[in-house]
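Here are my notes on the backbone and the helix packing. Please read them beside the model.

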Amino acid sequence: MTEEKVHENLSGTEPLIEIKNLYKFFKDFQAIKAPGVNLKIFPKEVLVIIGSSGSGKSTLLRCMNRLIEPTSGQIFFEGVEITSRSINIDEIRRNIGMVFQQFNLFMHLTVGDNIRLPLQKVLKLPDDEIEKRVKQVLETVNLLEKLDNFPGELSGGQQQRVAIARVLAMRPKLIFFDEPTSALDPELTGEVLQVMKRLVTEFHYTLVVVTHEIPFAKEVASRVIFMDEGEVIFEGKPTVVFDNPPNERLRKFLSKILEMK
Amino acid sequence: MENSNEKIEIQGPLSTNRRRRALGFTNISFGWWILSIFVLLIIIGFIRKIFTPNANYFDVFIWIINLFLMPFGLSLGTIDYRAPIILRGLADGASLTFIISILSVVVGFFLAALLAIVLVNKNHLYGLKILAQMYVDFFRSTPLLVQILIVYFGFAQIFGNIIRNLNIPGFSYEVFAGTLALALNTAAYQAEIIRSGILAIPTGQTEAARGLGLTSSQTMRYVILPQAIRLIVPPLTNELINVLLNSSLVSAIGVVELTKMSQTLQAKYFLWQVYLIGALFYFVIAYTLSKITKKLEIKLRIPGLGVAND
Ligand SMILES: Nc1ncnc2c1ncn2[C@@H]1O[C@H](COP(=O)(O)OP(=O)(O)O)[C@@H](O)[C@H]1O
Ligand SMILES: [Mg+2]
């Protein structure tokens with residue numbers, strides 16, 4: 001599978017993120033193996049990352065906005081190298097939304113204040129603009145009535161939707177999702193996936209999604225990469241990856257996932 | 001269940017319960033009534049003391065006791081001539097105990113906050129972190145009494161004369177050294193409390209904040225500390241009570257606080273019960289503080305954020 005084939009419809013466009021030889025070594029463990037991962041993420045694409053637990057998916061995602069410092073390799077955001085020392089990473093991060101497995105809402109702030117905080121302190125927007133955005137994003141995730149509730153008063157699915165709203169209010173150029181539904185009861189995953197689908201179909205966001213939700217991935221992914229033991233083993237279109245996987249380790253992984261469901 | 005109870009009460013003639021509730025004396029607020037009156041009387045006592053310097057703030061309580069004894073033709077002084085003197089003396093000791101404790105906890109808190117900032121830092125800060133850790137370890141692994149003696153004798157050369165020359169009534173070098181020793185000691189414990197409170201906030205909170213573009217100091221200020229405060233308050237109030245009780249050790253360097261005062265009065269009147277009354281004074285202060293701080297904890301509570309249950 002060559003790169004041109006995968007990106008045939010995207011040739012000519014500049015990648016939003018480009019990773020070169022990204023390598024991560026924790027004290028005694030290669031989370032992302034040498035010689036490292038190479039990857040391009042293009043505007044408007046939905047990149048799904050699959051792979052068994054411990055294969056380095058979260059590490060890869062967090063390295064891309066330097067929540068984890070890569071051991072070596074380069075990362076470019078819109079052509080700018082963000083791994084260089086001179087860059088102010090806080091200014092880059094406001095363009096990259098991140099949604100976590102554990103929601104990570106600020107527990108001491110109401111839903112509204114969760115969304116307001118970064119708008120006030122990072123974007124430093126005027127109050128009327130902040131209120132407009134708060135209302136708008138809560139409508140998008142269908143939770144306007146929870147504006148003054150604390151996160152502890154919401155269900156997991158609702159919390160995750162607020163987390164998505166908080167990211168949307170920043171108007172990022174792309175959003176990372178790290179297993180956004182893994183901590184949810186099965187009956188609550190649907191509402192979160194629904195919101196994520198809207199982001200793609202209505203708002204045409206660029207997404208990078210780590211997930212085990214195969215039907216969802218089949219539906220929205222424009223490209224799928226499969227990671228195993230700190231390496232990208234396979235990369236291809238969802239039809240290829242899910243319907244007739246040509247790789248032995250990928251086949252094993254997929255059958256394991258199907259068994260669990 | 002609750003509903004049927006309500007009905008019975010409404011139908012019945014004015015039950016004592018209903019009358020009590022009408023006055024605001026519910027089970028919950030009864031203690032608060034007593035407490036408020038108690039605090040009010042102490043305040044009145046201190047105000048009176050401003051105008052009549054020879055007065056004792058505890059006189060107000062002695063009057064009240066006398067008021068109850070009056071119908072029987074008695075007063076505290078006639079029952080036992082020593083009683084008013086002992087009560088006044090212990091009350092003076094208690095107020096010094098209270099002041100020393102509050103002062104050392106407040107001073108200790110600021111010191112502890114600095115220590116905690118150094119301790120939670122990921123960097124070594126040019127050896128500062130090791131020094132802070134050594135400070136905490138030293139004060140937590142040596143007896144408080146020994147620490148008080150070290151401070152008392154160790155600082156005598158430097159501060160002894162300065163403080164005597166200041167000539168502030170009631171503020172002797174002994175009081176200074178005792179308060180300082182308690183402050184240094186509680187700083188170590190409070191630093192540890194603050195440190196573990198900050199570290200107890202899940203890393204996901206930091207990740208989310210940094211991921212949104214907040215700087216590390218903004219993350220600390222707007223995300224971590226407001227949550228850590230709620231974890232820190234309960235053990236910190238506990239520490240306040242510890243200091244109050246531990247402050248009895250400064251009697252060893254001659255600070256005439258509650259314990260030393262008890263000893264003096266006991267020696268004067270050969271009455272072991274003085275210690276019992278002294279203990280009662282400690283109890284009232286500690287219990288009052290714990291009630292007030294519990295209220296504070298409940299005020300600070302937020303759904304889903306772990307705080308001690310009531
Ligand atoms: N901070 C860390 N220190 C040491 N090892 C880590 C750390 N974070 C992750 N790892 C290890 O790196 C590997 C990859 O982790 P991760 O990227 O979270 O995998 P995934 O998200 O695919 O489950 C795991 O084996 C994990 O134990
Ligand atoms: Mg993970």
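1. In which strand is the place of A:Pro35? A:Pro35 sits in strand β2 (residues 29-41) of chain A. Strands here are DSSP runs of E with at least two residues, and helices are runs of H or I with at least four, numbered from the N terminus. The peptide bond joining A:Ala34 and A:Pro35 is cis, with omega about 5 degrees.

2. This is a predicted model: local features need pLDDT of at least 70, side-chain atom pairs count only at pLDDT 80 or more, and totals for chains, interfaces and linings use all residues. Residues are numbered from 1 along each chain as its sequence is written, chains are lettered from A and ligands numbered from 1 in written order, and side-chain values use heavy atoms, leaving out hydrogens and water.

3. A:Asn21 has a positive phi, near 50 degrees, and is not a glycine. Strand β1 (residues 17-26) of chain A holds A:Asn21. Most residues other than glycine have a negative phi, and most peptide bonds are trans.

4. Helix α13 (residues 258-269) and helix α14 (residues 273-300), both of chain B, pack at about 160 degrees, axes 9 Å apart. Axes are lines fitted to C-alpha atoms over the stretch in contact, and angles run from 0 to 180 degrees between N-to-C directions. α13(B) and α14(B) are therefore roughly antiparallel (angles over 145 degrees). Contact means heavy atoms within 4.5 Å. Residues making the contact include B:Leu258 and B:Leu265 of α13(B) and B:Phe281 and B:Tyr282 of α14(B).

How values were computed. Angles under 35 degrees count as roughly parallel, over 145 as roughly antiparallel, 65 to 115 as roughly perpendicular and the rest as oblique.
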